[in-house]
Amino acid sequence: MARIVMKFGGTSVANLERIRHVASLVEKEAKGGNEVAVVVSAMSGETNRLVALVDELDADAGPDGKKWGEAIEDEYDSIVASGEQVTSGLLAIALRRRGLRARSWLGWQIPLRTDMAHSMARIAEIESSAIGPSLADGNIAVVAGFQGVNEQRRISTLGRGGSDTSAVALAVALKADRCDIYTDVDGIYTTDPRIAKDARRLNRIAFEEMLELASLGAKVLQTRSVELAMNYNLPIRVLTSMAAEGEENPGTLVCHEDETMEERVVSGVAYSRDEAQITLLRLKDQPGMVAKVCKAMAEANVIVDMIVQGISKSDRAANLTYTVGKRDLEKALAALEKSKDTIGFEGVKSDSDVTKVSVVGIGMRSHTGVAQTMFEALAKRNINVKVIATSEIKISVLIDAEYTELAVRALHSAFELDQAAKLKVSAP
């Protein structure tokens with residue numbers, strides 16, 4: 001007997017027919033003798049609908065006729081968390097109709113405790129003193145994902161994709177044997193199959209690779225969920241909830257590097273269109289200037305990603321280029337204008353029509369020529385690179401957005417990701 005956490009995303013519970021199908025998958029695990037906890041997202045499109053309602057009210061004028069300065073985030077969390085509450089109750093009913101013992105759990109009932117950061121809260125603690133014995137007694141726990149409760153006993157939410165983090169954190173708290181993440185795709189692919197038709201499903205991928213891919217734009221798993229699983233060595237299996245009864249559904253196992261069998265230099269190509277480029281012109285070329293720029297961004301709660309500095313045509317001046325999230329561009333530009341005299345630059349240019357494309361692989365640690373292969377592949381397609389960033393297992397470049405799909409296909413082909421990787425063979 002094993003203890004399993006199963007997580008189902010919005011497309012998996014999009015309507016009552018899909019919820020009934022999810023109930024059948026849960027029933028199979030429960031009748032196999034396993035203790036089962038299920039984490040669910042809101043039904044597909046429901047969170048967007050709720051967010052739109054909040055946004056419309058946030059746009060209303062205040063009593064003085066002026067727009068409100070900021071969103072009312074505590075009530076935002078209370079509203080958008082309701083989608084998962086509906087799904088958890090519906091799935092619990094569907095399971096009971098099958099003769100199974102099940103009940104729904106909301107974040108505050110477990111409780112899943114978070115910090116005070118509304119709409120992007122981080123998990124501080126999960127108590128298992130109630131839900132653990134309930135599982136051991138044969139009950140199926142259906143948990144509303146994406147939500148918790150803060151120290152002021154207000155509902156908090158974990159940010160988009162937060163149900164993944166809820167599931168992994170719950171699995172860690174319950175000392176589960178594994179965490180199965182069900183989505184509308186059948187595993188982790190070498191790249192987006194909508195762009196590269198020859199993209200392959202990976203049987204296994206290392207935590208570090210998945211963490212990089214998730215942070216660089218791959219949408220299958222939330223970054224924090226992978227980080228948490230890696231820290232606690234919790235295997236995650238990504239598989240589809242769309243498979244027909246009896247259809248093979250192996251998915252992709254996310255695990256530690258030493259458990260992976262395939263010898264790959266590069267495991268995947270990721271891209272992110274959520275990028276914007278900022279260039280500061282004629283910044284003083286002296287120590288501490290980049291620190292001043294980063295301080296201004298930090299005070300505006302803007303995350304700086306890729307950075308490159310080039311020499312200006314004039315003496316003792318430089319041009320500094322860096323990237324931020326596209327939705328933070330206006331906030332970043334406002335912060336720069338406010339700090340212009342303190343930082344000391346003459347002008348600023350911005351471009352939101354850019355994409356970050358990355359290659360990721362643990363094999364890059366021990367293989368040379370990865371950068372050469374990448375830049376030659378881009379050059380052959382006349383794709384100009386604006387900014388470069390590297391780490392031990394990834395190379396990222398910023399390019400014009402119009403070349404996104406061409407770049408992804410070129411890199412996928414250059415690293416032969418359409419072909420099955422060689423397997424490590426131990427000596428007899």
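Biologist: How many cavities of 30 Å³ or more does the structure hold?
Modeller: It holds 1. A cavity is a set of points on a 1 Å grid over the protein atoms alone where a 1.4 Å probe fits but cannot get out. Points are joined across faces, edges and corners, and volume is the space filled by probe spheres set on them. This is a predicted model: local features need pLDDT of at least 70, side-chain atom pairs count only at pLDDT 80 or more, and totals for chains, interfaces and linings use all residues. Residues are numbered from 1 along each chain as its sequence is written, and side-chain values use heavy atoms, leaving out hydrogens and water.

Biologist: What volume does the largest cavity have?
Modeller: About 30 Å³.

Biologist: Which residues line it?
Modeller: Val39, Ile110, Leu112, Ile126, Val143, Ser166 and Leu170. Lining residues have an atom within 4 Å of a point. The lining has 6 nonpolar residues, 1 polar and no charged. Here Ala, Val, Leu, Ile, Met, Phe, Trp, Tyr, Cys and Pro count as nonpolar, Asp, Glu, Lys and Arg as charged, and the others, Gly among them, as polar.

Biologist: New topic. Is asparagine 34 buried or exposed?
Modeller: Buried, because its relative accessibility is 18%. Buried means under 20% relative accessible area, exposed over 50%, partly exposed in between (1.4 Å probe, protein chains only).

Biologist: What does its side chain reach at 3.0 Å?
Modeller: The backbone nitrogen of alanine 2. The side chain of asparagine 34 also makes a 3.0 Å polar contact with that of glutamate 29. A polar contact is a pair of N or O atoms within 3.5 Å; within protein, one must be able to donate a hydrogen and the other to accept it, and residues adjacent in sequence count only if both atoms are side-chain atoms.

Methods: 1 Å grid on protein atoms, 1.4 Å probe; cavity = no way out; pocket = protein on both sides within 12 Å on 5 of 7 lines; lining within 4 Å.
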